[in-house]
Amino acid sequence: MNGRRAAAVGAVATAAATVTGAALTATAVTFARAVVTPRRHKPDDLEVLQVGPHRVVLSATADTVVPGRYGVWTDGGRGHFRVGDVLETGRDRVTRALLGVDAGVPVPGAGRWNQYYYAGDPAVALGLAHEDVLVPGDVGALPCWSVPGPAQGASDTWAVLVHGRGATREEALRAVPVLHAVGLPCLVPAYRNDADAPGAQPGVYGLGDTEWRDVEAVARYALERGARRLLLVGWSMGGAIVLQFVARSDLAGHAAALVLDGPVVDWFDVLDHQARQAGVPVRLGRFGLHLLGHPLGRRLVGVPGPVDLRAMDWVRRAEELHLPALLLHSDADDYVPSGPSQRLAQARPDLITYVASSTARHTKEWNVDPQGWESAVREFVTATLEAAA
């Protein structure tokens, strides 16, 4: 090969490597952006095939065939009904008990699965009086449901219930009845970049690294109104948020205990799983995640400041935990694998009560076994608050 030809081949190889590198970087950036970008539109994901007085037939999906209590939104979210036990299954359909209709008239057509079971505010969904309040925060006024404790035996410990990534406040309604029954006032806030909350520029999630400030604002609101201690409850990313609150807030000393349902305690593990699910090579996904924390790379992703995922790895930081925690996590969790939760519980058996299950999908432990879930929460909260009294 003469010098001119060798130079040409080298130039082509360099150009190809540059193009390949750019393509791989673009894939990594796209993956990272998907992680931090709120998903506003949630499309219908099932078909209502038949409706009877006491049963409903739905298309069979990974969600609709799982035992438990759930809801179905219809008519673009204007209608809602609740379903219970699986009565029959077929190749492409499942028949479930129809437990109640909350809005609209259920008819065959497109629908969307509601893992929260309940729909609406605490008064509509639970029959519990509440007040709609606006909590001052550093990004604006945060909408919050305030459910007072029972007239008799109300506690000076208030519960703050934090929903997960892309969810709504309705996710937390499943915990309100049991907490209300043991005497706790409950605050259920929206946080930055929720559809009903103020946006924080540029409109992306901090994965807990920024949202904890909104929990701090709600904690301050509670303390100014008579709370002395706080029970922090978090689902999925809500778990990551409350853990950042107890690690970083000046008000963390008022926290008495944690209840964590399907929590993110190691973002790297979760997002490696998500990369595999999306068909993205894990190493490439990891590159995208490192861009989130890089002073320059984070600009490609579009986050306002570096997001330190290592600081949110509570398996690595297990020795820093100082609060009793109830950790509920299903081995069938399809979104946040339970492995890190198990390792965290094994590292801190002195503080963590771990409740495993094997059927529920992501944050649906209550749905599959509401009595067991509520019993575990009731026993943990009662014993923890009595010990702290």
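Author: Arg-93 counts as partly exposed because its relative accessibility is 34%; buried means under 20% relative accessible area, exposed over 50%, and partly exposed in between (1.4 Å probe, protein chains only). The model is predicted, so local features need pLDDT of at least 70 and side-chain atom pairs count only at pLDDT 80 or more, while totals for chains, interfaces and linings use all residues. Residues are numbered from 1 along each chain as its sequence is written, and side-chain values use heavy atoms, with hydrogens and water left out.

The side chain of Arg-93 meets that of Asp-92 in a salt bridge, at 3.6 Å from N to O. The term requires a side-chain nitrogen of Lys or Arg within 4 Å of a carboxyl oxygen of Asp or Glu. Asp-92 also counts as partly exposed, because its relative accessibility is 43%. The structure holds 19 salt bridges.

Another of these pairs is Arg-192 with Asp-214, whose closest N and O atoms are 2.9 Å apart. This pair links distant parts of the chain, 22 residues apart: Arg-192 lies in the loop between strand E10 (186-189) and helix H4 (212-224), and Asp-214 lies in H4. Helices (H or I, at least four residues) and strands (E, at least two) are DSSP runs, numbered from the N terminus. Both Arg-192 and Asp-214 are buried.

Arg-248 pairs with Asp-209 in a salt bridge, with the closest N and O atoms 2.7 Å apart. Here too distant parts of the chain are linked, since Arg-248 is in helix H5 (residues 237-248) and Asp-209 is in the loop between E10 and H4, 39 residues apart. Asp-209 is buried because its relative accessible area is 12%, whereas Arg-248 counts as partly exposed because its relative accessibility is 34%. Elsewhere, salt bridges link Asp-63, Asp-334, Arg-361 and Lys-364 in a network.

Next come the helices. Two packed helices are described by the angle between their axes and the distance between the axes. The axes of H4 and H5 come within 8 Å and cross at roughly 70°; axes are lines fitted to C-alpha atoms, for helices over the stretch in contact, and angles run from 0 to 180 degrees between N-to-C directions. H4 and H5 are therefore roughly perpendicular to each other. Angles under 35 degrees count as roughly parallel, over 145 as roughly antiparallel, 65 to 115 as roughly perpendicular and the rest as oblique. On the H4 side the contact is made by Trp-212, Val-215, Glu-216 and Ala-219, and on the H5 side by Ile-241, Gln-244, Phe-245 and Arg-248, where contact means heavy atoms within 4.5 Å. Sorted by class, the contact of H4 with H5 has five nonpolar, one polar and two charged residues. Ala, Val, Leu, Ile, Met, Phe, Trp, Tyr, Cys and Pro count as nonpolar, Asp, Glu, Lys and Arg as charged, and the others, Gly among them, as polar.

Helix H6 (residues 267-278) and helix H7 (residues 282-293) pack with their axes 9 Å apart, at an angle of about 130°. H6 is therefore oblique to H7. From H6, Phe-268, Leu-271, Asp-272, Ala-275 and Arg-276 meet Val-282, Arg-286, Leu-289 and His-290 of H7. By class, the contact of H6 with H7 has five nonpolar, one polar and three charged residues.
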